[in-house]
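Please look through the sequence and the three-dimensional model shown here, and then read the briefing that follows, which is grouped by topic.

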Amino acid sequence: MPLSLLLSDAKPVSFVGCAFTLLAGLALAGCAVGPDYRRPDAPSVDRFTAQPLPAGTAATKVAGGDAQRFLQGRDVPARWWTTFGNAELTRRVNTALSHSPTVASAQAALRQAQENANAARGGLFPSLDAGAGATRQKQSAAQSVGPAGRGPFTVYNASVSIGYTLDLFGGVRRGIEAQLALADYQRAQLDTTYLTLAANVVTASLQEASLREQLRATEQILDIQGKSLQIARQQQQIGSKSLSDTLAVRSQVAATEATLPPLRAQLAATRNQLATYLGTTPAQLELSPLTLDAIGLPRDIPVSLPSGLVEQRPDIRAASAQLHATSSQVGVATAAMLPQITLSGSAGSQALRAGDLFSTGTGAWSLGLGLTQPLFHGGELLHKKRAAQAGMDKAVADWQQTVLVAFQNVADALQALQYDAEGLAAQAAAESAASQQLALTDRQFQLGSTGYLNLLDAQRSYQQARIALIQARVARLADTAALYAALGGGWRSDAGMASPAANTPTPPTAPH
């Protein structure tokens, strides 16, 4: 229904429009009470670790033993998982980012927060409502002017009403600011979801490759021990060895076989976990084989500046947004204690017949100005303000703790990479020595110059050294992924990219 049909008198409407325009201008020019948001200062340090970071790690002449070079002041690539040079690993991460329900949940939470922020902006504008109705009624004789009651009769009405609360002290604007900050918080949470999911997929994939390699190594050791058992049985038959020697070899074979079921159980559980990350069920999971030799160790490791960590790590950005929202709530609580000025107006028509609406003499209008000053609410408003201030203090402490944990994570990952390189070198030397010792002991055993116990000890030492070497290789890869994650992952949803899985470059060929 056109507004012009409901307003029969131009002067009141003009007055209403002028009054609203004037007071709206005053409201927009008003101050916003409460503290203006300012992010706390980050720790004033120029490095993450207690000692200056070396140029790189040690190198070892073994698979996965390349030196890693630290590139200080460089940012982590947005799709850091491609630096491992494995197409299957990249496919898994991209699949997870595209199909995981956790991502869909975080995206929906962001949309919800954005719509709430858009809804909060409506408080800056007047509310305009149209209404129409018909009422059937009868008046009693006491209500009627005549000697007898009137009715029954029907009253038809149509009207437009407008209302506006002036934001003189910025309570509405602070509320909008809080909602926008909560949208920033959900955006950072979305980035956290992307980062955590990518890191989990990479870590689980590395674990899968490690378990496969450990199974293969254990089966090879079992094959060696099986040959020793066959020799022991032959020597027992010809009387050169006793039954106790054969039983000792058989016991070692059984002990090695007993290590296979737990490894297979861990492998199955890892694959089931990968299915969840990739947004499917274990029965529907389709994975191409992934081996350690096919995963390249990133050699150039970017290390962001400490100041950059505060800007790019999503959990710190989430804590900053949370602090922004709580500081805005202090302004909202403060404004609630101050005078509230409201404007209201209405214009319409009322008649006893629907056809007479908007005819001469049926028009009506009203204009109201209201002032409300809270005087006594049992301390409610004061305590709400104090609660908001306490919430802001908590958010400051939470932000500081988040930053400290972030610096700790980076320092741990950087130092782990240095020690991983040293550990790999030591494990490679131990595995080489154990292999040579096993070969020598095996020859001595076949020549009869040594006993079964020495051979079994050599086999057990070699098995342990082989497994430890595999774990040392995986540790370097996993800690590299942990460093990427600790530095914030490099990807930001507010940087204009549709999704971190989009436009993924072709990964380089992994070194073998």
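**Helix α9 and the chain as a whole**

Helix α9 (residues 314-335) has 22 residues and spans 32 Å from its first C-alpha to its last, close to the 32 Å expected at 1.5 Å a residue, where the expected span is 1.5 Å times one less than the number of residues. Of the 22 residues of α9, 18 are buried, so this helix is largely enclosed by the rest of the structure; buried means under 20% relative accessible area, exposed means over 50%, and partly exposed lies in between, with a 1.4 Å probe and protein chains only. This is a predicted model, in which local features need pLDDT of at least 70 and side-chain atom pairs count only at pLDDT 80 or more, while totals for chains, interfaces and linings use all residues. Residues are numbered from 1 along each chain as its sequence is written, and side-chain values use heavy atoms, with hydrogens and water left out.

**Overall make-up**

- The secondary structure of the chain comes to 11 helices and six strands, which are DSSP runs numbered from the N terminus (helices are H or I with at least four residues, strands are E with at least two).
- Buried residues make up 40% of the 512 residues in the chain.
- The chain exposes about 26,100 Å², of which carbon and sulfur atoms supply 55%; the accessible areas come from the Shrake-Rupley method with a 1.4 Å probe, and for residues only the protein chains shown count as cover.
- Among contacts between residues at least 6 apart in sequence, 83% join residues at least 24 apart, a contact being heavy atoms within 4.5 Å.

**The four-stranded sheet**

- Four strands form an open sheet in the order β2-β3-β5-β6, with antiparallel pairing; two strands pair if DSSP finds at least two bridges between them.
- Strands β2 (127-137) and β6 (363-372) stand at the edges with a single partner strand each, so one side of each is left without a neighbour in the sheet.
- Between β2 and β3 (residues 153-165), the antiparallel pairing runs over 11 bridges, and glycine 133 stands opposite asparagine 157 in β3.

**Aromatic pairs around tyrosine 484**

- A search of the whole structure finds four aromatic pairs, for which the ring centres of Phe, Tyr or Trp (its six-membered ring) must lie within 6.5 Å, with planes under 30 degrees apart counted as stacked, over 60 as edge-to-face and the rest as tilted.
- Tryptophan 80 and tyrosine 484 form a tilted pair, 5.5 Å centre to centre with 35 degrees between the planes.
- That pair links distant parts of the chain, since tryptophan 80 lies in the loop between β1 (69-72) and α3 (87-99) and tyrosine 484 lies in helix α11 (residues 452-486), 404 residues apart.
- The rings of phenylalanine 84 and tyrosine 484 have their centres 6.4 Å apart and their planes at 90 degrees, so this pair is edge-to-face.
- Trp80, Trp81, Phe84 and Tyr484 form one aromatic cluster.
- Tyrosine 484 counts as buried at 1% relative accessibility, and, leaving aside its neighbours within four places in sequence, its contacts include Val76, Thr83, Pro298 and Gly489.

**Glutamine 214 in helix α5**

- Glutamine 214 is found in helix α5 (residues 171-237) and counts as buried at 8% relative accessibility.
- Leaving aside neighbours within four places in sequence, glutamine 214 is in contact with Leu263, Ile467, Ile470 and Gln471.
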